[in-house]
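Subject: Structure handover

Here is the model for you to take over. Please look through it first; notes on what was found follow below.

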Amino acid sequence: MVAPESLSLAQARRVALAAQGFADPTPAGVPTRRHLRRVLDRVGLIQMDSVNVLQRAHYLPLYSRLGPYPTALLDTAAYRRPRDLFEYWGHEASLVPVELQPALRWRMARARDEAWGGMRRIVQEQPELVAWVRDEVAARGPLTAAEIEHDAPRETGNWGWNWSTVKRALEFLFWAGEVTAAERTTSFARRYDLPERVLPAAVLDAPTPSDADAHRTLVAVAARALGVAAEPELRDYFRLPVAGARRAIAELVEAGELTPVEVQGWRQPAYLHAQARLPRWVRGNTLVSPFDPLVWERARAERLFGFTYRIEIYVPAPQRVYGYYVLPFRQGERFTARVDLKADRKAGVLLVPAAWVEPGADRGETAVALAAELYRLAGWLGLDAVAPPVAGDLALPLAAALTSLAGVR
């Protein structure tokens, strides 16, 4: 793509969707590790979250791009050799490609200053505890926090031993890169181990880049994953410091990897990645996770798609506008609906507490397309049925579409 001086909003949308992998063909058969790596190359990292009302957050971006796939594919890439991914603080808690570990060592080195308050206090006030916990992991890992707490020597009670202090010590060591996640238990608890027993030797042996080089690497990954973006989004992708991100952007512009462009309706300057593609169209329908990199920077989602989106998990129920765990529904190049979903695994039913149509979208067409996607999602989750929506301005046409499709499935 020859870098233009400006992009229309429609062009910017297509660039962004293509950069995130939504213009790539869906696998004809069962997705493989090759398909997974293609998605990872597009998105750069995958955010994690503990909420499991529908499906764990890190599994959903792959579903949105590949369709139904075996989740063991991601588990293997993250927790079995040869690992493609490791857990660390990228964009919040994330699965990050292992080759980016050296570029994140600057964050590890700043753990004493930048880790959350509880972690900093532990290492400042109870350094003996932190050292003991690290020694336990070295001697007996991989271990969960509960396993370490269970064996903590009670005669050292004056240290204030309990689960929370052990967990905070582990999380400080995790932030500092002294321990890492070897795997996850069935209850989603981390099993901690030393990096040398988890990460590839070639990664650990790689030289540590300067902070400036590391920031430039991470901004470049973000720019490629976003396609076209303003400075705040390039910085936010890996939660980089303002000065470091700005310097990296300027250096990438000078190197020709980024080109300043104007995007219709954007007040902020934008940057187009040198490898960005501008497809003639982007097709396909899919639900998108609240933690998907396409929409996690809400201001960008609003500028690109005219889609105002807030996750309401932490909003008291009476104050929620759309629902507890609401997923945007993408049809082609726009979002046409949003739907609150919950997996009732015991009953084998995908519950739909609410469904809402976006302004300007055709209710009938949207309902039919969303119904098909809900059945596809339910099948991937191992659920047998989709319940009719309970509330929302799309509830009636969606209920009718679900009933109609049920008769031909």
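Pro82 is found in the loop between α4 (72-79) and β3 (85-90); helices (H or I, at least four residues) and strands (E, at least two) are DSSP runs, numbered from the N terminus. This is a predicted model, in which local features need pLDDT of at least 70 and side-chain atom pairs pLDDT 80 or more, while totals for chains, interfaces and linings use all residues. Residues are numbered from 1 along each chain as its sequence is written, and side-chain values use heavy atoms, without hydrogens or water.

Backbone

The peptide bond from Arg81 to Pro82 is cis, with omega about -10 degrees. A cis bond also joins Gly141 to Pro142, where omega is about 5 degrees. Pro142 sits in the loop that runs between α8 (127-140) and α9 (145-150).

Some residues have a positive phi. Glu92, which is not a glycine, has phi near 60 degrees. Glu92 belongs to strand β4 (residues 92-97) and is partly exposed, at 32% relative accessible area (buried is under 20%, exposed over 50%, partly exposed in between, with a 1.4 Å probe and protein chains only). Arg239, likewise not a glycine, has a positive phi of about 55 degrees. Arg239 is placed in the loop between α13 (231-236) and α14 (242-254), and with a relative accessible area of 35% it too is partly exposed.

Helix α12 covers residues 211-226, which makes 16 residues, and it reaches 22 Å from its first C-alpha to its last. Its buried residues are Ala212, Ala214, His215, Leu218, Val219, Ala220, Ala222, Ala223, Ala225 and Leu226. An α-helix has 3.6 residues a turn, so residues three or four places apart point the same way.

Strands

β4 is mostly covered, with 5 of its 6 residues buried. β3 and β4 run antiparallel and are joined by 6 bridges (two strands pair if DSSP finds at least two bridges between them). The two form a hairpin with 1 residue between them, and Tyr88 stands opposite Ser94 of β4. Strand β2 (residues 46-47) also pairs with β4, in the antiparallel sense and over 2 bridges. There the bridge partner of Gln47 is again Ser94.

Elsewhere, 5 strands make an open sheet in the order β10-β11-β12-β13-β14, and the pairing is mixed. β10 (285-287) and β14 (385-386) are at the edges with a single partner strand each, so one side of each has no neighbour in the sheet. Inside this order, β11 (residues 326-331) and β12 (residues 334-344) run antiparallel and share 6 bridges. Leu327 stands opposite Val339 in β12.

Pocket and cavities

The largest pocket holds about 360 Å³ of space. Of its 17 lining residues, Ser50, Trp89, Ala93, Arg184 and Arg190 are the closest to its centre. The terms are set on a 1 Å grid over the protein atoms alone: a cavity is a set of points where a 1.4 Å probe fits but cannot get out, a pocket is an open set with protein on both sides within 12 Å along at least five of seven lines, and lining residues have an atom within 4 Å of a point. A volume is the space filled by probe spheres set on the points, which are joined across faces, edges and corners.

β4, α10 (163-175) and β6 (190-193) each give the pocket lining at least two residues, and α10 gives the most, with 3 residues. By class the pocket lining has 8 nonpolar, 2 polar and 7 charged residues (nonpolar: Ala, Val, Leu, Ile, Met, Phe, Trp, Tyr, Cys and Pro; charged: Asp, Glu, Lys and Arg; polar: the others, Gly among them). Domain 1 (6-101 + 207-273) and domain 2 (115-199) each contribute at least three residues to the pocket lining; the bounds come from an automatic or database domain assignment.

There are 2 cavities of 30 Å³ or more. The largest cavity has about 60 Å³ of space. Phe86, Glu87, Tyr88, Gln101, Met108, Phe174, Gly177, Val179, Thr180, Pro195 and Leu199 line the largest cavity. β3 supplies the largest share of that lining, 3 residues. The lining of the largest cavity divides into 7 nonpolar, 3 polar and 1 charged residues, and it takes at least three residues from each of domain 1 and domain 2.

The second largest cavity has a volume of about 50 Å³. The residues around the second largest cavity are Leu226, Glu233, Asp236, Tyr237, Pro293, Leu294, Val295, Trp296, Glu297 and Arg300. Of these, 6 are nonpolar, none polar and 4 charged. Leu226 is also on the list of buried residues in α12.

Key
Expected span 1.5 Å × (residues − 1).
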